[in-house]
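Let's take a walk through this one together, starting with the whole and ending at a single side chain. Keep the viewer open as you read.

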Amino acid sequence: MRRVLSIDGGGIKGALPASFLATIEESTGERINDHFDLIAGTSTGGIIALGLGLGFTASAIRDFYLDDGPKIFSTFGAFASLRQLRRAKYDPDPLRDALMRIFGDRLLGGSQTRLIIPAFDSTLGSVRVFKTPHHPRLEIDHRMKVVDVAMATAAAPTYFPAHQTEAGAVLVDGGVWANNPVGFAAVESIAVLGWPADQIRILSLGCTSVPLDVPTNVGYLTHNLGILDLLFQGQSAGSMGTAKLLIGDTTTNPRLFRIDPVVKSGLFTLDDAGKLRHLIGIGETAAREFLPTFRAVFLGDRKEAFAPNHD
């Protein structure tokens, strides 16, 4: 059996999937990293994926959100709004400093698990996916610093400026095209890694979704207040459909499991660090409910050791 973990983007709401995974680890006594053959993560989900791949416990990643989230998304009242009129809402330095403290100069090739981390090249207008060397043709990315990868996948337009890598590429958040990377993870599993579809099981973690009811006759401003939710949910639905089709997931034969609590519209935002504890509580509750299924589907034998194709 090949087990895949996919984690959505969602800014500070990444505390929810981090809490979900931490609760699973604390309840089972097993590390998430020991039971998944491939981890995909976009934006905040990419940071979680990188941490897991490098051997950090999910509880340490959850604590990262608690300790550093308020500093990364620090606002100064009206100043933050005025700043956003001319440039990104947040200074990237607190995020970079926090990531440097955690990851240091570690390289992507140091991951103990196969990783795929989406970003977007804003200059070329093309997708960019950072990958561990889990295939012979993947010869470049393993030499990249983990902090560079994390800053690129998390450079959400309007929230953070685009990130320029040491090589000079100008990259923005992978959520531009793959906020929910589960479809891409299924493609990687089958087309690149060659795993049989019927042997793949996927756990997909979201960062909350809201009920959408877009009226046909709506004002410009009202419509745009919910446009991000609409775009993210549309992309997510397409990604989920792709993954289900590829691995043969059906109602009677479930192979893809989605955790994405539905909450009241406006309850959480991408940058409201004041509700971290609330998000962590929702993640814990979701894990308690899903734990029996997790044990049955994802907690069998430990994964086969990952042997990179390049040092």
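**The overall build**

With 311 residues, a compact globule would have a radius of gyration near 19 Å, and the protein agrees with that at 18 Å. That radius is taken over C-alpha atoms, and the globule rule is 2.2 Å times the number of residues to the power 0.38. Bear in mind that this is a predicted model, where local features need pLDDT of at least 70 and side-chain atom pairs count only at pLDDT 80 or more, while totals for chains, interfaces and linings use all residues. Residues are numbered from 1 along each chain as its sequence is written, and side-chain values use heavy atoms, with hydrogens and water left out.

Along its principal axes, the C-alpha trace spans about 55 × 45 × 35 Å. The secondary structure comes to 11 helices and 8 strands, which are DSSP runs (helices H or I, at least four residues; strands E, at least two) numbered from the N terminus. Of the 311 residues, 53% count as buried, where buried is under 20% relative accessible area, exposed is over 50% and partly exposed lies in between (1.4 Å probe, protein chains only).

Now for some helix packing. Helix α1 (residues 15–28) packs on helix α3 (residues 58–72) at an angle of about 150°, their axes 8 Å apart. Axes here are lines fitted to C-alpha atoms, for helices over the stretch in contact, and angles run from 0 to 180 degrees between N-to-C directions. That makes α1 roughly antiparallel to α3, a label for angles over 145 degrees. On the α1 side the contact includes A18, L21 and E25, and on the α3 side it includes I61, R62 and Y65; contact means heavy atoms within 4.5 Å.

A second pair is α2 (residues 44–53) and α6, whose axes come within 8 Å and cross at roughly 160°. These two are therefore roughly antiparallel as well. Here G46, I47 and L50 of α2 meet V146, V149, A150 and T153 of α6.

That brings us to K145, in the loop between β4 (126–131) and α6 (146–153). At 29% relative accessibility, K145 counts as partly exposed. Leaving aside residues up to four places away in sequence, K145 touches D105, R106, L107 and E166. D34, by contrast, is 111 residues from K145 in sequence and 23 Å away in space, C-alpha to C-alpha.

Technical notes: Parallel < 35°, antiparallel > 145°, perpendicular 65-115°, else oblique.
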